[in-house]
Amino acid sequence: RGVFSLACMLQRNTTLTWLDIRGCDLGLSGEGDSKRNWCTLGLNRLCFEIAKPTCKLTHLLLSFNQLPPSHVSLLCEALPKSNLKVLEMKNCGINDTVSMCKVAKMVGKCPKLTHLDIGLNTLHTKTAKVLYTSLRRNTTLQFLGLFQCRIGPGITHIANLMPTNKSLRVVELGGNLLEAKQMSYLIAKTKNNYTLESTGQMVCRCLDCKKQKLANKNKYKWSVPRPLNTDANNALKSVQRVDTKGSGDCLDRILQRNRRLKVKRRKLAFLSGFHKRLGQNSSIFNILGCSAIMEKGMLSEIFEYCGRQSQYHM
């Protein structure tokens, strides 16, 4: 009956914005029909309150609750009508294709959703295709958690989203076993994306990264005269023979490039904010005034950080 009481509390409380009910046994793990009925009734009432226009809830954390298909359907019908920005459904036992497809379709109907974590669930190839279609309609999602989703061949649909999507900043793909062809396809598609900054704990397995990893491994070894290991020596020679020109076919390099572009965009936004209000050739005194609290050295560091120190005269 706790979920039902929580829903009644939401009816009276109109200022709550964050609801964390992770690991609270919202599913049907209890014994007896009475508890099952109360769980369904309570979640139904909770979804009804969340879908109200007056509800200001923006963060809903449902992770580590084993949700049956009926509960997933109730949530997917109510959440598009809500004001949610953050939704976490990590390790909710959503392993069937039908339920996960409903979650994927729900993403395209939530215009304010910026954070979605469905890690530790099963994302089949069909579900990944539905998610690709939904994310093409959603232009606000910045975080997508797919940690250990056993995505497999469905990674191609996620990769096809990269060249055109401009809102995603983090796509957690760690813990998914990807083949070499799938990894190469993901890197090739991510090349044309200039906004993605992180893929979570995913390890790049390109030739440059393998060479660097092997070099770091042998960097701090003692130089004791002893016979070399034949397998290790052959592996080192094979890596050294590879001609790695740094063509950019490395996931880590692509993400580092995007992070540098993000810093550059912030600098330009910082300057454009001054220029719109005070003009292109404004000096520091016009911006902050002659009686500014900041010291001259601190002001110089600010404008040096912006990269336009030569345009301003003290």
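Predicted model: local features only at pLDDT ≥ 70, side-chain atom pairs only at ≥ 80, totals over all residues.
Trainee: What pLDDT does the chain average?
Mentor: The average is 79, and 71% of the residues score at least 70. pLDDT is the predictor's confidence in each residue, from 0 to 100. Local features here need pLDDT of at least 70, side-chain atom pairs count only at pLDDT 80 or more, and totals for chains, interfaces and linings use all residues. Residues are numbered from 1 along each chain as its sequence is written, and side-chain values use heavy atoms, without hydrogens and water.

Trainee: Which element has the lowest mean pLDDT?
Mentor: Helix H9 (residues 230–241), at 48. Strand S4 (residues 115–117) has the highest, 97. Helices (H or I, at least four residues) and strands (E, at least two) are DSSP runs, numbered from the N terminus.

Trainee: New topic. At what angle do H4 and H5 pack?
Mentor: About 10°, with axes 7 Å apart. Axes are lines fitted to C-alpha atoms, for helices over the stretch in contact; angles run from 0 to 180 degrees between N-to-C directions. The two are therefore roughly parallel, a label for angles under 35 degrees.

Trainee: Which residues meet there?
Mentor: In H4, they include Met100 and Ala104; in H5, Val130 and Leu131 are among them. Contact means heavy atoms within 4.5 Å.

Trainee: And the core? Which residues touch the most other members?
Mentor: Leu46, Leu60, Leu87, Leu131 and Leu146, out of 67 residues. A nonpolar core is a set of buried (under 20% relative accessible area, 1.4 Å probe, protein chains only) Ala, Val, Leu, Ile, Met, Phe, Trp, Tyr and Cys residues joined through side-chain atoms within 4.5 Å.

Trainee: Which helix gives the largest share?
Mentor: H4, with 6 residues.

Notes: Parallel < 35°, antiparallel > 145°, perpendicular 65-115°, else oblique. Buried < 20%, exposed > 50% of the residue type's maximum accessible area, 1.4 Å probe, protein only.
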